[in-house]
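Biologist: I am new to this structure and would like to understand the words used for it. Could we go through a few of them together?

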Amino acid sequence: MTRAGWLSALVAEKDDGLGLGVFDLALALEETGKQIVVTPLVEAAAAIWAITNATDSAHPARARIASKIVVPATAPPGQRYGHVDAPAFDSKTSSLSGSVSFVPFGASSDMFLVDAHAASETVLCLVPRGAAGLSIATTPNVDGSTSSLLKFSRVIVPVGGIVARGDQAAAIVAAMQELMILSTAVELLGVAQAALDMTVGYTKLREQFGKPIGSFQALQHRMVDCYVDVELNRSLLFKVLSAWDDDTSHPRWCRPSKRGWARVR
């Protein structure tokens with residue numbers, strides 16, 4: 001996926017990306033969902049999008065993420081599961097302290113995009129997994145993926161590791177989280193489609209009373225209902241993705257920020 005450029009699908013061509021939209025990426029995401037491919041495609045694509053949208057071509061972070069797996073170490077407001085030790089950035093020492101729970105694919109990532117707070121502003125930092133003071137505790141999930149707890153103990157962040165600050169950082173983080181939510185929804189659409197395909201295939205093979213059970217009207221009605229549900233979800237989701245790409249999203253879909261969300265799009 002890295003060699004094919006999927007991780008930079010949302011990055012402009014002038015920045016060495018594919019210059020595609022989230023609708024285009026969704027076509028690949030639906031297929032990974034169908035096959036239950038356990039990879040950080042959603043997280044890495046969103047993180048790289050955020051970094052390239054928050055920096056210019058001369059920023060050191062651009063070179064550091066080349067051929068690297070970067071995953072966001074952020075949590076939407078109200079979804080920290082009661083965890084109050086959120087990362088804090090000390091501007092005097094340029095260091096991170098605190099922790100982030102439930103970081104997906106933390107065990108296989110090369111770098112983390114950390115959302116930290118410093119006084120009254122947001123700071124978005126790029127931290128390598130081997131940084132001094134960073135510890136990673138990983139737990140396997142039932143689907144084969146991993147979830148990690150990152151603990152930062154005065155982890156030094158050089159100037160080149162600061163991706164964005166203030167209103168720009170807050171807006172980038174909000175948009176990145178929305179992008180991950182939409183992308184995950186596409187993968188789940190692929191899972192639903194695969195489940196329906198398996199069910200239809202099974203009803204053609206399994207026989208009862210000398211007939212394939214797919215010939216029974218009661219089961220046909222249930223499969224049609226499932227088909228309609230999948231197609232309605234696909235239609236709605238694709239409409240949302242197209243609106244996200246066109247910058248015409250409804251506020252309830254993407255929560256545009258008063259602090260400049262449109263500027264980072």
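Modeller: Gladly! Keep in mind that this is a predicted model. Let us begin with Ser147, which has a relative accessibility of 16%.

Biologist: Why does Ser147 count as buried?

Modeller: Buried means under 20% relative accessible area. Ser147 has 16%, so Ser147 counts as buried.

Biologist: Where does Ser147 lie, and which residues is Ser147 in contact with, leaving aside neighbours within four places in sequence?

Modeller: Ser147 belongs to strand 7, residues 146-156. With those neighbours set aside, its contacts are Phe102, Val103, Ala137, Thr138, Thr139 and Asn141.

Biologist: Now to the rings. How many aromatic pairs does the structure hold?

Modeller: There are two aromatic pairs. One of them joins Phe23 and Phe238, with 5.0 Å centre to centre and 65° between the planes.

Biologist: What makes the pair of Phe23 and Phe238 edge-to-face?

Modeller: Ring centres within 6.5 Å make a pair, and planes over 60 degrees apart count as edge-to-face. Here the centres are 5.0 Å apart and the planes are at 65°, and the pair is edge-to-face. This pair links distant parts of the chain: Phe23 is in helix 1 (residues 22-34) and Phe238 in helix 5, 215 residues apart.

Biologist: And the pair of Trp49 and Trp244: why is that one called tilted?

Modeller: Planes under 30 degrees apart would be stacked and those over 60 edge-to-face, while the rest are tilted. The planes of Trp49 and Trp244 are at 55°, so this pair is tilted, with ring centres 5.8 Å apart. Trp49 sits in helix 2 (residues 41-54) and Trp244 in helix 5, 195 residues apart.

Biologist: What about Trp49 and Trp244?

Modeller: Trp49 is at 5% and therefore counts as buried. Trp244 has 2%, so Trp244 is buried too.

Biologist: Helix 5 keeps coming up. How do you know its span is close to the expected one?

Modeller: Helix 5, residues 217-246, has 30 residues and reaches 43 Å from its first C-alpha to its last, close to the 44 Å expected at 1.5 Å a residue. After helix 5 comes Asp247, with a positive phi near 65°.

Methods. Residues are numbered from 1 along each chain as its sequence is written. This is a predicted model: local features need pLDDT of at least 70, side-chain atom pairs count only at pLDDT 80 or more; totals for chains, interfaces and linings use all residues. Side-chain values use heavy atoms; hydrogens and water are left out. Helices (H or I, at least four residues) and strands (E, at least two) are DSSP runs, numbered from the N terminus. The expected span of a helix is 1.5 Å times one less than its number of residues. Buried means under 20% relative accessible area, exposed over 50%, partly exposed in between (1.4 Å probe, protein chains only). Contact means heavy atoms within 4.5 Å. Rings of Phe, Tyr and Trp (its six-membered ring) pair if their centres lie within 6.5 Å; planes under 30 degrees apart count as stacked, over 60 as edge-to-face and the rest as tilted.
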